[in-house]
Amino acid sequence: MAALQLLVNGVALGAAYALVALGFVLVLNATSAVNFAQGDLVMAGGLLAVAVAPLIPLPGIALLPVVLVLMAALGLVLALAAYLPLRRRPPVSVFISTIAVGIILQNGAAILFGPEPRAAPPLFGDDTLHIAGLAVPEQSLAIVAVAGLLIGAQQWVFARTQLGRRLRATAQDPEMARACGVPVTAMILVTFAIGAACAGAAGLLLANRYFVTPTSGGDLILKAYIAVTVGGWGSVPGAVVGALLIALFEVGVSSVLSYPVALGALYLTLLAILVLRPQGLFGEAVRRRG
Amino acid sequence: MSALLSIRGLSAGYGGADALDDVSLDLAAGETVALLGANGAGKSTLLKALIGLVPARGELRLDGADLGGLATEARVRRGIGYVPEGRRVFPGMSVRDNLEVAGRSAARDRAQDVERVFALFPDLAFKSRESAWRLSGGQQQMLSLGRALMGRPRLLLLDEPSLGLSPKLADELFAAVRNIAETGTAVLLAEQSAARALTVAPRAVLLRLGRVVGDGLAAAVSEQALHAAFFGG
């Protein structure tokens, strides 16, 4: 029963991590750039929810569309300011510019909100349901449901719509996508917007149970990085599965030992994967045939 | 026939070095022209300059409209289709998605165009749900060609389509190119295999070291001119 309880908690945490990793891997695929600001975008989404909540006296779920739209706009600003002007420079330029954006977001948040932890409202309610002997917080169920819906909707867009095909083509071969008539720059902007919206949604989902501070993004970008490495660099399904796995690992080891031990073990696992299986556990078997 | 494509004084290259030097060329609507020359003659660079993938100087017009300064995707919308050397299909996407991504915005138009491509290349129809990387080299080449047709081009640029294909597959592919040309699409075909290219193109342009060194009816292209284009002298 204890294991099942941990599973429920791990899946809820993993669902939110999956959104963070998903946004990270989408931008990575579309631009080959590692967006080091992704964790700080999660923090920004959480604090945005905290700021907007008093203006909308409704359950937290009503904040979701507001957070998605405003964070997508922030993603556009990020792309216009920190990616597009540097896209033809060496990759390290974009690494540094996204790190700079992250620091600006952290300091901006510290000025506006102060350093103390804050909590966003629960999505539906903060009661605990008792299901077959398990204590399941409503917020955990809501996190899984909302993250699942968002990830499912995104998968549908990518698989079934012309916008999704264009986004995937841009990610796989931007030059050839242009030669197929795809407006690649617009697709990159859309990708940054989706990536930031995912981060914002994760921020809203996490900021109730786990609180949010201006520096909480640093931990999350590492989690996203680990999830993408575990899942296979560039693999979208791998990023989601990787996020679930690291959350289950974190919750499981924390319950038996402690959170610091869980984090240490997580980084050791990352190191082992990088050395022994650099393509990740679910590295995509995509290759060209002659 | 009026000129569909007009090129005047075109120079283009990579990193400051010109691979094309002062190329001028006209192509009529519906005409098929073989672009012949050795490796490094500038054939691929010319096609990339036309589609906008390498920066170029000079005058480029399609149906009288200036293409200079237009981005690649805008040139595609104006009616240029491009089949690159090495196929470059989107490997992680299905055959159908590879086609649809290059298609029109309206789903019904796209579906009709996909069916037209499947009619031209029935092998692709059987593999429509397969990831493109699983296809054989010949099938990938068909997919690359079909993808270019999805934009309903008036001018099709083909870069070394027979490269790496068996003679039988290359013949099948050239038969398809002949069918496409017969529908009225102009074709500019860069090819190292002169003999094969001249089976579909009534006219040949010879390139050597980035310059046009011959332009005339395929039947009139002499062995001597071909030898000069490929080997100098």
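1. Confidence. The model is predicted, and one stretch calls for caution: over residues 284-290 of chain A, pLDDT stays under 50. For this stretch the model has 18 contacts beyond four places in sequence. For chain A the mean pLDDT is 88, with 97% of the residues at 70 or more.

2. The packing of two helices. Two packed helices are described by the angle between their axes and the distance between the axes. In chain A, helix H2 (residues 38-52) and helix H9 (residues 217-231) have axes that come within 7 Å and cross at roughly 130°. The crossing in which H2(A) passes H9(A) is right-handed.

3. The residues at that crossing. From H2(A) come Gln38(A), Gly39(A), Asp40(A), Val42(A) and Met43(A). These meet residues of H9(A), namely Gly217(A), Gly218(A), Asp219(A), Leu220(A), Ile221(A) and Ala224(A). By class, the contact of H2(A) with H9(A) has five nonpolar, four polar and two charged residues.

4. The contact between chains. How many residues of chain A are in contact with chain B? There are 21 residues of chain A, and they are in contact with 26 residues of chain B. On the side of chain A that touches chain B, helix H6 (162-172) and helix H7 (174-179) each supply at least two residues. H6(A) gives the most to this side, with six residues. The side of chain A that touches chain B comprises ten charged, seven nonpolar and four polar residues.

Key:
Residues are numbered from 1 along each chain as its sequence is written. Chains are lettered from A and ligands numbered from 1 in the order in which they are written. This is a predicted model: local features need pLDDT of at least 70, side-chain atom pairs count only at pLDDT 80 or more; totals for chains, interfaces and linings use all residues. Two residues are in contact if their C-beta atoms, placed from the backbone, lie within 7 Å. Helices (H or I, at least four residues) and strands (E, at least two) are DSSP runs, numbered from the N terminus. Ala, Val, Leu, Ile, Met, Phe, Trp, Tyr, Cys and Pro count as nonpolar, Asp, Glu, Lys and Arg as charged, and the others, Gly among them, as polar. Axes are lines fitted to C-alpha atoms, for helices over the stretch in contact, and angles run from 0 to 180 degrees between N-to-C directions. A crossing is left-handed if the near helix is turned anticlockwise from the far one by less than a right angle, and right-handed if clockwise. pLDDT is the predictor's confidence in each residue, from 0 to 100.
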